[in-house]
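Subject: Structure handover

Hello,

Here is the structure for your files. My notes on what turned up follow below it.

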Amino acid sequence: MPERGNYDIPALREKMHEHLAENADAYPLQLEQRFPQILARLVELWGTADLDHYLNSLMVADRSDRQGFPSDAAREIFRLSVIHGALGLAAKPSGTGWMGVGDLEIDRYFEKKHGV
């Protein structure tokens with residue numbers, strides 16, 4: 001597990017909950033616990049087109065040496081991408097092509113793809 005570093009997790013958690021508002025149930029607990037540097041970046045970029053680019057870069061491997069995320073963390077990243085795009089917070093759509101897809105469909109996709 002990566003070092004928690006100097007991240008103020010309680011402050012990041014509070015700010016992310018503010019960003020998520022009525023979508024607070026989508027709080028990325030796995031990212032907080034395993035990848036706090038990603039949580040810090042999400043908080044920093046929320047509401048910008050840069051967040052869409054960042055989330056896309058996390059979901060699409062651009063190097064062959066990357067292992068990818070555990071399925072629960074990947075699901076959180078994907079769900080945050082959908083929420084961010086649906087809220088219309090960024091200048092451009094997120095480009096995920098999954099707008100309007102509910103959590104059940106997302107879960108089914110990951111279960112089928114990863115046998116989770």
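A contact here means heavy atoms within 4.5 Å. Among contacts between residues at least 6 apart in sequence, 66% join residues at least 24 apart.

The ground rules come next. This is a predicted model, in which local features need pLDDT of at least 70 and side-chain atom pairs count only at pLDDT 80 or more, while totals for chains, interfaces and linings use all residues. Residues are numbered from 1 along each chain as its sequence is written, and side-chain values use heavy atoms, with hydrogens and water left out.

**Overall**

The chain has six helices and zero strands. Both are DSSP runs numbered from the N terminus: helices are H or I with at least four residues, strands are E with at least two. Buried residues make up 38% of the 116 in the chain. Buried means under 20% relative accessible area, exposed over 50%, and partly exposed in between (1.4 Å probe, protein chains only). The chain exposes about 6,900 Å², by the Shrake-Rupley method with a 1.4 Å probe; for residues, only the protein chains shown count as cover. Carbon and sulfur atoms supply 50% of that area.

**Helices α4 and α5**

Helix α4 covers residues 49-59. Its buried residues include Leu-51, Tyr-54 and Leu-58. The buried residues of α4 pack against α3 (36-45) and α5 (71-86).

In α5, 13 of the 16 residues are buried, so this helix is largely enclosed by the rest of the structure. Gly-88 follows α5 and has a positive phi, near 65°.

Gly-68 sits in the loop between α4 and α5. It counts as exposed, at 54% relative accessibility.

**Salt bridges**

A salt bridge is a side-chain nitrogen of Lys or Arg within 4 Å of a carboxyl oxygen of Asp or Glu. The count is five.

- Asp-25 pairs with Arg-79, closest N and O atoms 3.1 Å apart. The two link distant parts of the chain: Asp-25 is in the loop between α1 (9-20) and α2 (29-34), Arg-79 in α5, 54 residues apart.
- Asp-72 meets Arg-34 at 3.0 Å, N to O. This pair joins α5 to α2 across 38 residues.
- Arg-41 and Glu-44 also form one, at 3.0 Å. Both lie in α3, three residues apart, about one turn of the helix.

Best regards
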